[in-house]
Amino acid sequence: MAGLKDLVVFKSLRVASLKVEPTRVSAVYQVQKLDGSLSENVMMYSYTDVIFDKNDSSDINMASLMVAQVAMNYGLFCQEMIFEGLFDDVDKKLIVAMTENTCREIYVNKFLSPNEFLTGPFQNMQPEKRTKYTAAQIKFVDPTGGTMQIIRKASNPNPNQYAILSSGGKDSLLSYGLLNEIGVAHPVFVNESGRHWYTAYNAFHHFEQIEKRTTKVWCNSDRIFNWMVKHMPFIRENFQQIRADIYPIRLWTVAVFLFGVLPVARRRNLKHVIIGNEYDTTLQMQHEGITHYAALYDQSKFFDNAFTRYYHRKGWNMMQFSLLRSLSELLILKILVKRYPDLQRFQVSCHAAHKEGDRMVPCGNCEKCRRIIGMLKVLGADPKNCGYTEDQVRRGLLSLETKKVKQIGSDAQHLYYLLRALELISDLPAVRKMAKPHPEILHLRFDHERSRVEDLPMDIRRPLFDILVQYATGIVQRRDRKWETITLEKLQMESVPYFLKTKHE
């Protein structure tokens with residue numbers, strides 16, 4: 001039976017030959033296997049505007065961080081990892097800490113959990129509890145030999161300006177709609193090579209027409225991820241033909257896109273970075289005594305708070321957060337449909353979207369499609385507004401009778417409760433078993449772990465919640481394992497300090 005030591009299949013992974021150009025950064029990824037054989041590929045980001053100065057040490061530092069992110073998925077599999085670039089101590093601590101966290105996440109959620117991409121010996125690994133899961137010795141090499149120092153510039157970014165990590169998903173569309181009312185929104189779309197761009201295609205081309213601050217970043221991270229997987233003997237050779245709702249290995253992915261957005265935010269002097277994540281993406285769990293985040297760390301509030309602290313240690317004085325932490329997926333869609341229907345029609349929430357004419361359309365068959373169809377129907381909205389056909393809607397509702405949806409228990413149960421109550425699906429025994437009311441799902445929800453007022457900057461709280469409360473059934477706060485009804489005033493929005501100023505953070 002395979003163990004942790006059997007996952008170490010590379011002698012080294014080196015990120016080297018950093019190249020900084022006005023509109024592009026790149027680096028060579030070099031993998032050396034245990035038999036000494038070498039393979040190389042080039043990781044890059046490119047921009048439509050001039051972003052970088054190759055003689056500016058802070059830009060070289062940013063570029064070094066950008067090209068390092070993909071590599072941070074592979075600490076479990078290498079004897080050593082070498083990052084060539086310009087890094088300060090704050091950067092090094094972040095890379096080491098996040099690589100370790102990602103190693104643990106991948107181990108638990110890719111090797112100790114069902115994963116159809118794995119070959120036989122690695123499908124039933126037994127848990128090994130360790131104090132450290134990173135197998136690689138991490139090294140940092142300064143290609144300038146210490147002749148260039150990172151010069152920190154005084155940073156006082158504009159507090160009313162927001163960079164949004166944008167896509168065609170409901171979360172980023174709602175985030176834009178909200179910020180377009182209460183601040184100045186800068187949608188930044190990251191075009192990852194491959195089919196992932198299909199979900200953002202409709203929204204990007206619409207935003208190009210309506211929002212002058214819209215920009216697009218291209219990166220080839222998807223190609224690097226697939227290239228790395230091809231070198232892993234524990235991944236099935238036909239992995240690209242396997243249709244699944246998960247990736248074979250990678251879990252440090254949002255940061256790859258985030259570091260595509262940060263140069264734009266820094267160049268435009270934006271104070272806030274917005275990532276659209278809802279209530280159920282913050283989970284802290286245990287598997288055989290091993291703490292993990294259910295493969296959602298880079299979508300959790302822990303991730304946002306860690307990066308906000310990092311920005312302040314760097315002297316950038318930026319803040320990263322989600323506007324949607326108090327909202328369920330159903331409430332997010334409700335607000336998008338009711339308040340911003342002209343944005344909702346560009347929503348593509350699908351694992352296998354495809355092009356028809358000049359528009360991307362959802363497949364109508366995947367788990368995400370049936371979930372979106374179900375939610376839209378219980379909200380009284382027409383799924384055809386965002387590209388579903390009548391036949392896809394019919395089949396989506398039928399599939400909900402026999403197939404589960406990927407939501408936390410209470411959210412899924414309430415969705416089925418509403419579907420059953422509205423007679424949108426058959427009253428089968430399995431449906432009755434699943435359908436249970438959880439009225440808090442359509443409330444704004446606050447608790448200490450997942451959704452806290454103090455995770456939002458103070459100046460955005462009142463205008464944000466004044467909008468959200470119009471569409472929520474009410475406001476609840478978790479106390480002693482029960483939801484208690486409260487008011488906006490009792491949230492103490494104006495008196496609870498931002499988390500950077502609280503002792504426990």
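**Notebook: pockets, sheet and cores**

I started with the second largest pocket: 18 residues line it, and Ser 58, Asp 59, Lys 153, Arg 266 and Arg 267 lie nearest its centre. Two elements, α1 (57-68) and α6 (254-268), each give two or more residues to that lining. The largest share, 4 residues, comes from α6. I noted a volume of about 310 Å³ for this pocket.

Before going on, I jotted down that this is a predicted model, where local features need pLDDT of at least 70, side-chain atom pairs count only at pLDDT 80 or more, and totals for chains, interfaces and linings use all residues. Residues are numbered from 1 along each chain as its sequence is written, and side-chain values use heavy atoms, with hydrogens and water left out.

My pocket rule: on a 1 Å grid over the protein atoms alone, a pocket is an open set of points with protein on both sides within 12 Å along at least five of seven lines, a cavity is a set where a 1.4 Å probe fits but cannot get out, and lining residues have an atom within 4 Å of a point. Points are joined across faces, edges and corners, and a volume is the space filled by probe spheres set on them.

Helices (H or I, at least four residues) and strands (E, at least two) are DSSP runs numbered from the N terminus, and two strands pair if DSSP finds at least two bridges between them.

I zoomed in on β6 (158-166) and β7 (184-192), which run parallel over 6 bridges. Ser 166 has Phe 189 of β7 as its bridge partner.

Last, the cores. The largest nonpolar core has 93 residues, and Phe 77, Phe 111 and Phe 234 have the most contacts inside it. Such a core is a set of buried Ala, Val, Leu, Ile, Met, Phe, Trp, Tyr and Cys residues joined through side-chain atoms within 4.5 Å; buried means under 20% relative accessible area (1.4 Å probe, protein chains only). I also found a second, separate core of 79 residues, including Leu 324 and Leu 468.

Methods. Buried means under 20% relative accessible area, exposed over 50%, partly exposed in between (1.4 Å probe, protein chains only).
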